[in-house]
Amino acid sequence: MSDSNSPSLTVTRTENRALLIRLAGPWRIQAELPAADGVLDQLKNEPGISGVAFDSSGLTAWDSGLLTVLAKLQSAARSRSIAFDASGLPQGLQRLLHLASAIPERSGARRTAAKEPFLVRVADATFAFAGGG
């Protein structure tokens, strides 16, 4: 177990084959946050996991660093139809997690190709206008 000044993440299996994730300490992006890779591996590779639940009674502070970790866990659980129970998380974190997962990406929000440089576009337009292109 870590001291109260360090964030920690521990995972146990419940009787109904769910993963219970205990979060403790200050989960701030400036700190070295525990990796959730082990939990992600379990969600991806271990059959029979019925759900993911949380105990955040030891959580002393949090910011977007924790939200990022939880969003990854939620995405991995959903992609495998594993129940994701966020009720053990602080209310504000539950709301942000819900918002992060409820808003679909806008069409065209990602750049797919870089624009040509300005002078190239001017030259192309000039040639097209002059009938040379």
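Mentor: Of the 26 residues in the largest nonpolar core, those that touch the most other members are Leu23, Leu43, Phe54, Leu70 and Leu73. A nonpolar core here is a set of buried Ala, Val, Leu, Ile, Met, Phe, Trp, Tyr and Cys residues joined through side-chain atoms within 4.5 Å. Buried means under 20% relative accessible area, exposed over 50%, and partly exposed in between, with a 1.4 Å probe and protein chains only. The model is predicted: local features need pLDDT of at least 70, side-chain atom pairs count only at pLDDT 80 or more, and totals for chains, interfaces and linings use all residues. Residues are numbered from 1 along each chain as its sequence is written, and side-chain values use heavy atoms, leaving out hydrogens and water.

The elements giving two or more residues to this core are β2, α1, β3, α2 and α3 (91-102), and α2 gives the most, with 7 residues. Such helices (H or I, at least four residues) and strands (E, at least two) are DSSP runs, numbered from the N terminus.

Consider the sheet next. In the order β1-β2-β3-β4, 4 strands form an open sheet with mixed pairing; two strands pair if DSSP finds at least two bridges between them. At the edges are β1 (8-13) and β4 (83-85), each pairing on one side only. Strand β2 (residues 18-27) pairs with β1 in the antiparallel sense over 6 bridges, and Thr10 stands opposite Arg22 in β2.

Leu23 deserves attention as one of the core residues named above. Apart from neighbours within four places in sequence, Leu23 has contacts (heavy atoms within 4.5 Å) that include Phe54, Leu59, Leu66, Leu70 and Leu89.

The helices complete the picture. Helix α1 (residues 37-45) lies across β1, β2 and β3 (51-62), at about 165° to β2. Axes are lines fitted to C-alpha atoms, for helices over the stretch in contact, and angles run from 0 to 180 degrees between N-to-C directions. The axes of α1 and helix α2 (residues 64-79) come within 9 Å and cross at roughly 10°. α1 is therefore roughly parallel to α2, a term for angles under 35 degrees, whereas over 145 is roughly antiparallel, 65 to 115 roughly perpendicular and the rest oblique. Val39, Leu40 and Leu43 of α1 make this contact with Lys72, Leu73, Ala76 and Ala77 of α2.

Finally, helix α2 also holds Gln74, which counts as buried because its relative accessibility is 8%. Beyond four places in sequence, Gln74 is in contact with Phe84, Leu97 and Ser101.
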